[in-house]
There are 4 protein chains.
Amino acid sequence: MSAPKKVVLAYSGGLDTSIILKWLQTEYGCEVVTFTADLGQGEELEPARKKAEMLGIKPENIHIEDIREEFVSDFVFPMFRANAVYEGLYLLGTSIARPLISKRLIEIAAETGADAVAHGATGKGNDQVRFELAAYALNPDIKVIAPWREWDLTSRTKLLAFAEENQIPIAKDKRGEAPFSVDANLLHTSSEGKVLEDPAEMAPDYVYQRTVHPEDAPDQAEYIEIGFEKGDPVSINGEAMSPATLLTALNDYGGRHGIGRLDLVEGRFVGMKSRGIYETPGGTILLEAHRGIESITMDRGAMHLKDQLMPQYAELIYNGFWFSPEREMLQAAIDHSQEHVTGSVRIRLYKGMASCVGRKSDLSLYSEEHVTFEDDAGAYDQKDAAGFIKLNALRLRLLAMRDRRGR
Amino acid sequence: MSAPKKVVLAYSGGLDTSIILKWLQTEYGCEVVTFTADLGQGEELEPARKKAEMLGIKPENIHIEDIREEFVSDFVFPMFRANAVYEGLYLLGTSIARPLISKRLIEIAAETGADAVAHGATGKGNDQVRFELAAYALNPDIKVIAPWREWDLTSRTKLLAFAEENQIPIAKDKRGEAPFSVDANLLHTSSEGKVLEDPAEMAPDYVYQRTVHPEDAPDQAEYIEIGFEKGDPVSINGEAMSPATLLTALNDYGGRHGIGRLDLVEGRFVGMKSRGIYETPGGTILLEAHRGIESITMDRGAMHLKDQLMPQYAELIYNGFWFSPEREMLQAAIDHSQEHVTGSVRIRLYKGMASCVGRKSDLSLYSEEHVTFEDDAGAYDQKDAAGFIKLNALRLRLLAMRDRRGR
Amino acid sequence: MSAPKKVVLAYSGGLDTSIILKWLQTEYGCEVVTFTADLGQGEELEPARKKAEMLGIKPENIHIEDIREEFVSDFVFPMFRANAVYEGLYLLGTSIARPLISKRLIEIAAETGADAVAHGATGKGNDQVRFELAAYALNPDIKVIAPWREWDLTSRTKLLAFAEENQIPIAKDKRGEAPFSVDANLLHTSSEGKVLEDPAEMAPDYVYQRTVHPEDAPDQAEYIEIGFEKGDPVSINGEAMSPATLLTALNDYGGRHGIGRLDLVEGRFVGMKSRGIYETPGGTILLEAHRGIESITMDRGAMHLKDQLMPQYAELIYNGFWFSPEREMLQAAIDHSQEHVTGSVRIRLYKGMASCVGRKSDLSLYSEEHVTFEDDAGAYDQKDAAGFIKLNALRLRLLAMRDRRGR
Amino acid sequence: MSAPKKVVLAYSGGLDTSIILKWLQTEYGCEVVTFTADLGQGEELEPARKKAEMLGIKPENIHIEDIREEFVSDFVFPMFRANAVYEGLYLLGTSIARPLISKRLIEIAAETGADAVAHGATGKGNDQVRFELAAYALNPDIKVIAPWREWDLTSRTKLLAFAEENQIPIAKDKRGEAPFSVDANLLHTSSEGKVLEDPAEMAPDYVYQRTVHPEDAPDQAEYIEIGFEKGDPVSINGEAMSPATLLTALNDYGGRHGIGRLDLVEGRFVGMKSRGIYETPGGTILLEAHRGIESITMDRGAMHLKDQLMPQYAELIYNGFWFSPEREMLQAAIDHSQEHVTGSVRIRLYKGMASCVGRKSDLSLYSEEHVTFEDDAGAYDQKDAAGFIKLNALRLRLLAMRDRRGR
């Protein structure tokens, strides 16, 4: 790889990416463009601007954007159409944000004539893979710089020394080491590492940042109604909302009721297992609600196929293959299945749980006429079941006849 | 089908199967053998013996058995190895009991020289399919009688009239119609029909029979430790238990904490959608615990394959294909994956939720050495990630190059 | 089912469907509308008109149509995009024609105000299922009449007697029984039954109707070039052709070279196995060619997903679920994958085989630059492979470390 | 990686691996152990022993073994039970040999106290991955040396210079560059590179080494009968044979009739596409025969599941994951399905094609009684089909009713 001349850095304004910014300038002598995005992580962005300026970035090279609506409408909601869950539990909150960040990095590189992008993910995790696969898929010639895989700042001491040498301000609370590492966006907050590294030990309560402890949640259940159109949520209690507004509101509900906490061990794409504490308050409610509305509006054949495809779809997102033909193929199938997923569901929120307790739709496939225990006025002829079973059984009977012969 | 001479009836001792018993005698003039099983449904069996005798069944034709251990060890546990869930939610509590009942019906038919079996499932449901596919798979020549599909006792009034004509005693509370229909065994209780037929309406509280309302559950969380060997639970809090004993104990824990309530609409094999209220207290805890122990002891490749196969496995059980070569093929794959699923997990029980909060195993694949944020002493070379990403990206880059050419 | 008043019959003009026509008139006393389609089966249609008239059908109730182009463009080609093969061998030539016939039956029923449709498939085969599932999917209230399942004309003698009683002319060669049963359309000819019923016996040569015996094919190979656009063939040897014209031309090539003969035993949806002799000359060439053009234009990830989905897609078509949401979902995924499947392939035709011997495309993903054994000018860094392998191996190494500990 | 002290080299005796041998000695100064295997590649092994001795390898460090029987019985046959085909065409002839070679390398390393293994695969291909994943899976601490990824002998000239400097004899015909690269074993011969690098160009005839041109094959078809037990072939024309003997015999038949030639472009695991010419004469016959015996002895449900799993199984083998839990899980499922795959098939060999023309088995599931067009004596009740179709259609009708309402 020839030396990069201009690099777009995914910049949070924090200590680590500030060190990276400086390191890119000193190590590669290249011009740095910063990209700071509001993905709903709950931090002010303007301090990042000031810090970038202070580190010598030209105003026109500082890019700060609120991309919450794009994040939710183009990434989160399509993923929830699939009821995507990784390894049975994880709602993919970190995974789904990475491709969007890369997309903007590549777009800004094109706009500013940069030939490289850089990110602050380490060499042990999945995020490096997600950032880079997306970047390469969108620009096959882009250079990618991953300082954590390259530099020799391999301890906290060395990092702080580098910061001091380079006049990077260090917040008081960053002097010591954080007891765990955090990633956050509108969909979720993840915590991992250090105090969480023994999977046998219960996670300490201070790790949770976004949800109350279920024991501290209200003693009274709360009920909300979520409206859906073509598989996506569009309203809460009858009030229409934009995608990011709706997810924010669901997060409030969920956080208040202690919903969406998850303690798990997952298999990383790079090969080892890792333990994470995830909080996905709104997403957890949304998954339950989406399953609920699908249950009356989606055909059994379609649903079973979708359930069967889901693990691979989730794995693709987890592994960083959002921008791949096979993810798009699966999305085409999934989106086709959502055409009639329209209606509303009622959800009970209580002490850590979101439970669907009712669902209705003008496009419902549920037919009380057919299923009723009462007189169905001929809608269904029970005698049909005899032939249905007889022919489904035929191959099993032929097998049994063979077994008998074989004895 | 020529007329049956001797029929083994799945007999509960209740009004409906007593009417069937009588109807078989009068309609077919055949000898009736009764089979009453304790599957953990929580009812006394001896009254069924008395009632059968009263209806003229010879003592040697009355079969009453406790098959709880076989049910749990040979049906429930193998299914939980798969983390089987139908349509994302249903733990298959009714589905998994049917093949065992059919197996015993067929075995008793062989022992008693009967040429037919009979069951009390209606022509609209899945259970008729499950009973009959299992029966045909085990004896290709067996005759199956499903009175609900044949007779003209199509209303409550006609049924009661038939009972009275035939001196079948009618318990007072059976005079009126039940407000919903119930099935129960050691794994779960299901309720459906009548007051539950509008899926938009919240299920009334009196439907739940086996779990307290989460709001009435203890305000204090309780923690238990479940031990596993080769994928099956073998102990609670260090105390070894037989399969049925263990599931009974989990049911107690779950029932007390309001765990395992489920309100859903599902797609039946016979074609329509139906609404059910399920209570699976112990099974819900077991699923969470099994996922937990797998998370540290099962390889990612194995787990992802298993997750991908699960929906078809669950569908086979739901549809009644327990005794089919393809279910057995999947079981062979699943069982192979459980060889090292040994260890223990800690579960928190609180207000309707079972949450894994810790897991440990001598056979753990979790390697703190590899995953640590601290110095890993060379266990993992972060530079390897660069090549890993580069080659995973190559085909995406070739696609992007083509897209660029194509423009 | 209340008695039908007006029924649209899939009418070939042959003896069997003429008997059905008469039987519908006499048995149900209903008005009959005939539908005779040219699907490329190679028979004149006008005789069917005359025969229908002779049997008393009003001219406005006689529908005769050439639907070859619709058949190939909307059914055959979409299926070939999937490389659909049932049970490893069968190209689904009969299966794919049924839904189109049902579609036209239902459309003509709507146009003519008929409340029923009828077909001449027997109660043992797959075709009844395919006809009827398609019909119900397109009109949930349609009545379907399947005379072979209803009447008592259960022997050849009775059929001929009925024909004679009803003045239905019987061609001389129809007096005796046919030695096997045939179905044909533009895609294929199938033969089954009677002389073919012992699967151990080689099919007699006179069964084959559409292809020469490979031993009688030219001793010289012939080469053709097939052009593709977005997954569908559009030209042969540079000459653009309509879908049906192109398939007809491929049939000529294939028939002349003895290509596309198949002798197999397949598992029917209704439960038993059956033996068939299939001739699919053009389709066999097309499958080989389509695989060839995909091999250079389709990404590996997309192709492997498609290969994995194919067996279920083929099963859906075989079982008659063309008009189902899950077939449409799979089609959406498959069609997405064909966006760039454009280019041309060279095929050698010789003594029963069609072999791809060359393929080229402006949208090729094949990169000689990357794959070359020669100097690749840095396109690919072989050192990347070390990290790629190391991280792919990590989970396998962790497994091996555990195994070692476990000993 | 610390420096290796003793390395087991996969040694063919040819020029390239002789250079590697010398390079290991000079570059790493380590003791070299050679492993030369007879996998049926058709070369004498004793010259390899002499050459190794000449290059200074101690006699006790020279390992020469005939592993053909193990290769066929433990690798080839298990794979053929799955009907494994990669990307629709490739029979995995090279892929399946690699894990066995690695297994022996690791075993010899254990026996001789070596801490490393080395192979002669390049950094662009799949074989390096297959060798190394297998090695790491069997010994997590093994060091793997892949000289082609490390050294600077990056041109033919440099290689020959190194050989001359090190007194490695160079056969006359190795002076110039080979026009393509070859790999061979008992299952197949593959050729790729150089003259084959343009996938639009037909492969020159001299590339094929193991099969006659179909045009030169006998003008008379030949028929053979292959006997199977539990999915594996055990006899030809009634003569029982060991696995390797049988495959050798099938290779003779196939080679003589020009069977098993394949010209394709495949997607490599490392990311690019490559063009290969494969000859798999015996394997091609075996696949056709295995499909044939399965067609009468394997249940439809089992077969369809197996077909659906096959692409992932083939991908795992292609990518080098033979020794992985997920391949073993799939194998467990596949092997379960082969329990009754016993019987014999008749195959016609003619001008490049192997065609199954008959199959029989004592364990056949084919029931002439059920399928017959003649009177079936009540084996099958055609009226059952009506109910079968009605209930299969119910969900499609409910969909159609909704569509109508939606309009």
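1. Arg130(C) sits over the face of Tyr318(C), 4.8 Å from the ring centre. Arg327(C) does likewise over Trp322(C), at 3.5 Å from the ring centre. Keep in mind that this is a predicted model.

2. In chain A, Arg130(A) belongs to helix α5 (residues 127-138). Its relative accessible area is 3%, so Arg130(A) is buried. Beyond its sequence neighbours up to four places away, Arg130(A) touches Tyr318(A), Ile317(A), Asn319(A) and Gly320(A), among others. Thr94(A), Ser95(A), Arg98(A) and Ser102(A) are also among the residues it touches.

3. Arg130(A) carries the UniProt annotation "binding site", taken from an unreviewed entry. The annotation also covers Tyr90(A), Ser95(A), Asn126(A), Ser181(A), Ser190(A), Glu266(A) and Tyr278(A).

4. Tyr90(A) lies in a loop of chain A, between α3 (68-81) and α4 (98-112). Tyr90(A) counts as buried because its relative accessibility is 2%. Leaving out neighbours within four places in sequence, its contacts include Ser95(A), Glu266(A), Tyr278(A) and Tyr318(A). His188(A), Leu262(A) and Leu264(A) are also among the contacts of Tyr90(A).

5. Now the aromatic pairs. The count over all chains is 42. One of them joins Phe388(C) and Phe269(D) edge-to-face, at 4.9 Å centre to centre with 65° between the planes. This pair crosses between chains: Phe388(C) is in helix α13 (residues 384-406) of chain C, and Phe269(D) is in the loop between β11 (261-267) and β12 (273-279) of chain D. Both residues, Phe388(C) and Phe269(D), are buried.

6. Ring pairs also build a cluster. Its members are Phe269(A), Phe321(A), Phe388(B), Phe388(C), Phe269(D) and Phe321(D).

Technical notes. Residues numbered from 1 in each chain as written. Chains lettered and ligands numbered in written order. Predicted model: local features only at pLDDT ≥ 70, side-chain atom pairs only at ≥ 80, totals over all residues. Heavy atoms only, no water. Phe/Tyr/Trp six-rings, centres within 6.5 Å; stacked < 30°, edge-to-face > 60°. Helix = DSSP H or I, 4+ residues; strand = E, 2+ residues; numbered from the N terminus. Buried < 20%, exposed > 50% of the residue type's maximum accessible area, 1.4 Å probe, protein only. Lys NZ or Arg CZ within 6 Å of the ring centre and 35° of its normal. UniProt positions renumbered as here; feature names shortened; annotations may be inferred. Contact = heavy atoms within 4.5 Å.
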